[in-house]
Amino acid sequence: MSAKMTNSQGVETITAEGSSDPRPVLMLAEFETADLLMEAATGVRDQGFRLWDCHTPYPVHGLDQAMGIRPTLLPWLVFGGGATGFTGGLLMQAWMNAVDYPFLISGKPFWSIPASIPVAFELTILLSAFGAFGGMLLLNGLPRFYRPHFRSDRFRRATADRFFISIDGRDRQFDVQANSELLTGLGATAVEVIEE
Amino acid sequence: MKQLLDKLSPIMRPELTGNAESPEIDNTAYLPDARQPLVTGENDNTTITDKVCQIVEQKPTVGWWMFFLLSLSVLGLLGVFIPFLIFWGVGTWGVNNPAGWGYAIVNFVFWVGIGHAGTLISAILFLFRQKWRTSINRAAEAMTIFAVICAGMFPGIHVGRAWFAYWMFPIPNQMELWPNFRSPLLWDVFAVGTYFTVSLLFWYMGMIPDLATLRDRAKHSVRKVAYGLLSLGWTGSNRHWHVYERAYLLLAALATPLVLSVHSVVSFDFAVSQVAGWHTTIFPPYFVAGAIFSGFAMVMTLLVPARQLFGLKDVITLKHLENMNKIIMLTGMLVGYAYAQEFFIAWYGGVKVEKFAFINRAFGQYAWAYWIMVSCNVLSPQIFWFKKMRTNITVMFIVSIFVNIGMWFERFVITVTSLANDYTPSAWDYYSPKLADVTILIGAFGLFFTLFALFCRFLPFIAMTEVRGVMAEKARLKSPPPQQGASDSASEDSAAGS
Amino acid sequence: MSSIKNKTGSKPGQALWRSLDEYADSPEFRTLIEKEFPNHAPELFHSTSRRHFLKVMGASVALAGGLAGCRWPQQQILPHTSRPEGRAPGVPVSYASCWEQQEVAEGVLVTSYDGRPIRVDGNGDHPFQSGSATSQMQASVLGLYDPGRSSAPTHRDGDHRVSGSWEAAAEMLAEAGKSDKVAVLAAPKSSLALSMMRKRLLRKIPNSRWHEWAPLHRDSERQGTAQLFGRPMRPVADLSAARVLVCLDADPLMTHPASLAHSSGWASLRSSADDDEPVLSRVWAVESSLSVTGGAADVRIPARTADIAGIAVQLAAATGVSLPSDIAPIVSATQVTDEQILQMAADLKSHAGNCLVMAGDRQPPVVHALAHAINIGLGAVGKTLRFAEIENAERLAHIDDIALLADRIRAGEVETLLILGANPVYDAPAMNESWQQLIDRVPLSIHLGEYEDETAEVCDWHLNGTHFLEEWGDGRSWDGTITLRQPLIAPLYDGRSSIETLSILLDEKPQSGHDLVRSVLESRAGSDKDASWRSWLHDGFIRDSANAVDSAPAIRGGWGAAIESALQVPEGDEIVFLADHSLFDGRYANNGWLQELPDPVTKIAWDNCAQIAPSKAASMGIKTGDMIRLSSGGRELEMPAFVLPCQNPRTIGVSLGYGRLLSDRAAGRLSRKPSLYQIADGVGFDSYQLRSSEAVRAGYAPVSVARGSGTYQLATTQDHNPVRPEEFMGDLEFNEEQRRVGEFARVVGAGFTPDHQQVAESVEDAGPHHPDLKSLWKEHEYKSHRWAMSIDLNVCTGCSACVVACQAENNISVVGKDEVAYGREMHWMRIDRYFSGEDVDNPEVVHQPLTCNQCENAPCEQVCPVAATVHNEEGLNDMVYNRCIGTRYCSNNCPYKVRRFNYFNNTKSPSVTEKMGYNPEVTIRSRGVMEKCTYCVQRINSSKIRANNERRKLTDGEVLPACAQTCPTNAITFGDLADPESRVTATQKSHRSYKMLAELNVKPRTGYMAKLRNRPDQDEG
């Protein structure tokens, strides 16, 4: 449970129950459409904010540029996984069938590349996939089951049909007053402050 | 068919709000300078979200219970006959000396084949930017997972000493004895294992945002917790979307060769051996085509009722169904080509035994199975040359059933006829199934539909996020269909500038 | 009929094992076992491992000094090996003994592990025979351990049978011995001891009489020689000298009592075909039903059994035998043309002296007379044939003898009837009234036998007899050589042999079998009686004890008188009764190995059938498996038809010995199911029902064939029917199998051999053409031994002895009819029988033994995911049972389909006696595991160990797989390819040698040598 109060500019503040010296940790601004969000994002970016983010129910194209996000290094993780899978696969088979316990099978050589390709290939794919999924979680810091955002009821629609900008309380330029004005100026239909 | 479904709808369908009672809209007509909308009716993010979530949030309907319990009882057959099998030995099956493989392997290949459409629809169509995939990929992927589960069951139980089946994994025994990596069966273990894992990741990763939606809409605390855990604390943050989309793209890029490799490896089980009728280089592409073919047919079998009963007509539109029918017809002809090619090579190669193997296949003791296969797989899809037919719900449903039957028989024909009459005629014999074969075959379907029923009930049936993405343009620039179509095609790059 | 169907329709594979389990749990068996193994009875009933079982056995030897458990025989017997004293446990020891069938003893060597005989092989030292053994000899060891044997004397008590004791039985016998009017009905034996007892009985009891009955006998041969010479004589043939052999309905290579000697002799003129100067005999077979000899023959002429007399007359005339002038030529009655007969005659004459004509026991006496007249005329006597004297020449023909017994019973001249081993109720034709009724007329009837059979059921007393491995005895081989029998194990069920039983009947102080046998042979011993006794036992026979030979027997005038009558034969279809290749006359009905052994000719297991010619079947619209009704002389029987190429269209061939059905009468009376019916019950059809006294006399009977009701499943291990029905109804031709025969079993005319260097390749249609076989990789080099086998199709007769030998050596389980019908038989070795030629009624036959070829590039290995089958350094394709998980992929990928899979647990809780019969050198396979031929790797290794201990190299031929050891024609050569001198290297270099399916580049180690067919038309070429 949390206490709610709305100030003069209609900025709603949500404070955690029983917290002595509440201080704001997050500011949320709701937008109706992706276009409004896009413009707002550009504005916020130009203000030079660092610890801020957009929340959309689906990936909005162009928003990355609008926010100025740098390309992720995920592909390198995937490549690493794939390389490990391939070499590891080949080495495993060579060691098991030709070194550790050689079999005399159908008069064939103990070790040959062609017969080892299928397994090596599958392992390549497998480990790359682990790289992609695990990398995604790692870089996004998931899973993370608690976030201040969840304290806002409005925010529930961020995964359905509303668009949000959130500014972290630790951002150097964070200031309830100024920021809320800025965001409303950029077309936010509602602004919330989450306090601890 | 339609009438039947309409009758069923009241008991199957949850109480729907808004314009869910959507009529069948024909969006398959060709527009000279535009594309037909992929989502028909007056829909926006809100209604789509409602529609999809309602399926999960409403109380389970009578119809669902009926379907679920029926599947469950069929699944019960497995519960009875697998212990029976393990206790008495594989002799309870019809396999005998020339035909060492029977229904078990046939079913294995059949289900692996079914399991291909899902990842294919998701991955390959995703790479080709086929937006129409978004309405069907979730269900298709789910189907993949469940089909592979059914498939994976069979290699385990078909061996003579099931309790030692784990020896196929590279685990050293007390003698430090390792498996034999030259055996196609071992390749299978890796291929199918990888395929299952990757498909599962792909499916789950695609679901995370939708699970988050369910979490945020959840009223009941249990659901809150369950979906909360499953959605890993997703907030739709764009910094996350950025990595997420890249990861999804890469997974798709990995899954595509994987799909092709898995059934190639399965086909190696046959192609690498030297049994006449198995030892054919055409098998990998032939099997892959067959797999896509049967996979799409099964998706069709599942979606035609589902879209009707869950009121998703304007999400899974006629256009989607028609596209799938086109693919079914194409792959069906590919398969037919492979059949013909086999005979040509058998004749052209001049190997006596192989020539006999194929003549025997078409005119020998299993000719009946062969002709069932041909008429179901090659002939029945030809009806889709006619637009009327490929947009007719009833027809496409029936054809999809035929294709499923035909593809099962394809595997039967390949596996059994080749074995029953191979090199040494004095060893020839006739393979015929026993009770255990049939019950386990049926039971597998029970398992499949049970899992699918649970999926419909508890997980987002449609990839809402992606559908929103597809509707995004429509929602954004309010413009008449033509330009909408145009911007749709160009959206990837144009969106950035706007 | 329907009852049989129901029985055979029961659960798959359970028939055999289930009944044994039931039996193992039955209280009778528990008591029996407690009697058997007093010290350790309890443990035996827990599911003990074989190891534990052996431990128990060992313990009981130690504790009870061998009286319990292993049951060493109590008299001093002598091992065949060089170490008579002291036994090393676990070291197999072999003893010489003898096995008897059809009044002819075969010397055998019995291998015994810790006092448990586990193998029977031929006695190679025996003057008359080789070291090989027939399938029935091989299987006899299973008969010893058969839990179905009767375990105690039983006697009638009012309406039931109750188990008695030998004490009570002895009193009863002694009492019976006091009465006069004793009649004995004995199965004829060549034993001297038994004939001594016979004489003593006849001397002691004034009104007693000795009758003999066997359903299959050689009376017509005795009578024929008697017609010719005035006294019956035994023709002893030497086929190793017979360049031309004519068989008139004769089967010297299989059902003839001297088949082993004949086979090796015949083979010696076939396998020598590789020499620079090829000597290749020619065999002509004139017969009504396909016999093993007929299959091996170069020219086979189908004819009615009834018509063969006429052919014999023609042949005799053509070879210049002087016949009564008034005999009209009646060849027109047969399908045999004059040309064929003249060809035969010419062939015989051109090899005068080195030729032989043999008549079969189904032929009337006069045919035998004619045959020997021809032989004498062509100077065969002394070269290919000699006439030996035989004892008790005066005895009646069996059928007359038993008829006489019937009359005497009706006349009330028999108060006590003692039946020794005979089973008239089952196998003797009824004499106005059935033998059941006849025996009931006798005040006291006593039956002695191994089984509680049909006769035992109706007798007042049944006494359990001994197996030949349990008793002392003797016998005479075909040429009369006295062959000794010593017990390998004390009677498992405390039985008594015939001579012991007679001794109880006659003597105040009954003598042991040992003393009886020794006393009767005493006269032949030298000065040191003990020494000669020991040497006899050691050798297993008495040297130079063969019967006297009449080098120039005088032909009696007017011998041809009977010819005229012999030529008066009825027209129409005939039925002939064949000795079954497995069960013989039914005596082995309870032997699982023999029941499961596919018939060499029909490939049917677990059944007999009515063999019918394709053309005949087509004309009647009958397919294999259809029931047909046979009626002959008022008797009727419905049997399944089997369409058999080579069968004469107007002859129905039916083998004897099946259809043992527990009579309801007995069922009501017996406390439990009589032991015999454990396995035999309801298997096949009782063709004795059709066999009248006339049929026994004539050797055939007129029959009318009609469609029966319904169909019946026959379990064939090969083609389900050699001629496919669909083709059948249209133009008669062979199916795919026969069309491709040339690729597998290659046959060439003898004309090829001298000039042609690659006979095997020269065969038209010899496999697909393929480029030179090259490997994509560097092939593995085998540095040590390279074991290999080569099989000479030219001498393989398909007799199937190797199959049983393999089964005995390798503990191969029996799975029962339904599993065999399902294609799940476990035999590691199968003998493919191919027909070739255009005429389906008389094609040529080829037999091809097929077992694991031990391919160097074994296709089975690369597909096994767990490496359960891999190559060893000697190039053997090893099967690792305990690693196998049973994917069955190896079997799928085996082009020869020689791998066998345990679909069920075939060795679940075998009875205690069965366990005793297992070969401890070979693992018992569990359920879900693949198995196959190993080239008898256990023998290879034990030979290597022996050689190592003796610090020497293995010598060629020292390692001998069971199949090669037992093969009567030495068709199988085994050895080391690494040794350039070895026989197998030579045979594989032979120009007749080829590899089956070589085009697959699997590099089989087993090679085949093409069959040579010495057709007369090639003489010029």
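Biologist: How many residues of chain C and chain B does the contact take?

Modeller: It takes 58 residues from chain C and 58 residues from chain B. Bear in mind that this is a predicted model.

Biologist: What area is buried between chain C and chain B?

Modeller: About 4600 Å² is buried between chain C and chain B, and carbon and sulfur atoms give 51% of that area.

Biologist: How many salt bridges between chain C and chain B?

Modeller: One salt bridge is counted between chain C and chain B. The side chains of C:K897 and B:D422 form a salt bridge, with 2.9 Å from N to O.

Biologist: And how many residue pairs in polar contact across that interface?

Modeller: The interface of chain C and chain B has 32 residue pairs in polar contact, both residues at pLDDT 80 or more.

Biologist: Which elements of chain C supply at least two residues of the side that touches chain B?

Modeller: There are helices and strands in that set: α28 (736–739), α29 (741–744), α33 (859–862) and α34 (889–893), plus β31 (830–836) and β35 (900–901). Of these, α34(C) gives the most, with four residues.

Biologist: What about the side of chain C that touches chain B, by class?

Modeller: That side of chain C has 27 nonpolar, 18 charged and 13 polar residues.

Biologist: Now the other interface. How many residues of chain B are in contact with chain A?

Modeller: On chain B, 62 residues are in contact with 67 residues of chain A. The area buried between chain B and chain A is about 5800 Å², with 67% of it from carbon and sulfur atoms.

Biologist: Which three residues supply more than any other three of the area that chain B buries against chain A?

Modeller: B:R182, B:N238 and B:R239, which supply 13% of the area that chain B buries there.

Biologist: How many salt bridges between chain B and chain A?

Modeller: The count is zero salt bridges between chain B and chain A. Polar contact between chain B and chain A comes to 27 residue pairs, both at pLDDT 80 or more.

Biologist: Which helix gives the largest share of the side of chain B that touches chain A?

Modeller: α9(B), with 18 residues. Helices of chain B that each supply at least two residues to this side include α2 (45–57), α7 (184–217), α9 (238–271) and α18 (481–497). By class, the side of chain B that touches chain A has 32 nonpolar, 19 polar and eleven charged residues.

Biologist: Changing topic. How many aromatic pairs over all chains?

Modeller: The count is 72 aromatic pairs over all chains. One of them is B:F356 with B:W428, a stacked pair at 5.1 Å centre to centre and 0 degrees between the planes.

Biologist: Where do B:F356 and B:W428 sit in the chain?

Modeller: B:F356 is in helix α12 (residues 352–363) of chain B, and B:W428 is in the loop between α15 (393–420) and α16 (435–458), 72 residues apart. Both B:F356 and B:W428 are buried.

Biologist: And B:Y366 with B:F412, stacked or edge-to-face?

Modeller: B:Y366 and B:F412 are edge-to-face, with 5.9 Å centre to centre and 75 degrees between the planes. B:Y366 lies in the loop between α12 and α13 (367–379) of chain B, B:F412 in helix α15 of chain B, 46 residues apart.

Biologist: Why does B:F412 count as buried?

Modeller: Because its relative accessibility is 3%, and buried means under 20%. B:Y366 is buried too, with a relative accessible area of 1%.

Biologist: Which residues form one aromatic cluster with C:Y889?

Modeller: B:W101, B:F270, B:W278, B:F283, B:Y286, B:F287 and B:Y339 form one aromatic cluster with C:Y889.

Note on methods:
Residues are numbered from 1 along each chain as its sequence is written. Chains are lettered from A and ligands numbered from 1 in the order in which they are written. This is a predicted model: local features need pLDDT of at least 70, side-chain atom pairs count only at pLDDT 80 or more; totals for chains, interfaces and linings use all residues. Side-chain values use heavy atoms; hydrogens and water are left out. Contact means heavy atoms within 4.5 Å. Buried area is the accessible area (1.4 Å probe) that two parts lose on being put together, summed over both. A salt bridge is a side-chain nitrogen of Lys or Arg within 4 Å of a carboxyl oxygen of Asp or Glu. A polar contact is a pair of N or O atoms within 3.5 Å; within protein, one must be able to donate a hydrogen and the other to accept it, and residues adjacent in sequence count only if both atoms are side-chain atoms. Ala, Val, Leu, Ile, Met, Phe, Trp, Tyr, Cys and Pro count as nonpolar, Asp, Glu, Lys and Arg as charged, and the others, Gly among them, as polar. Rings of Phe, Tyr and Trp (its six-membered ring) pair if their centres lie within 6.5 Å; planes under 30 degrees apart count as stacked, over 60 as edge-to-face and the rest as tilted. Buried means under 20% relative accessible area, exposed over 50%, partly exposed in between (1.4 Å probe, protein chains only).
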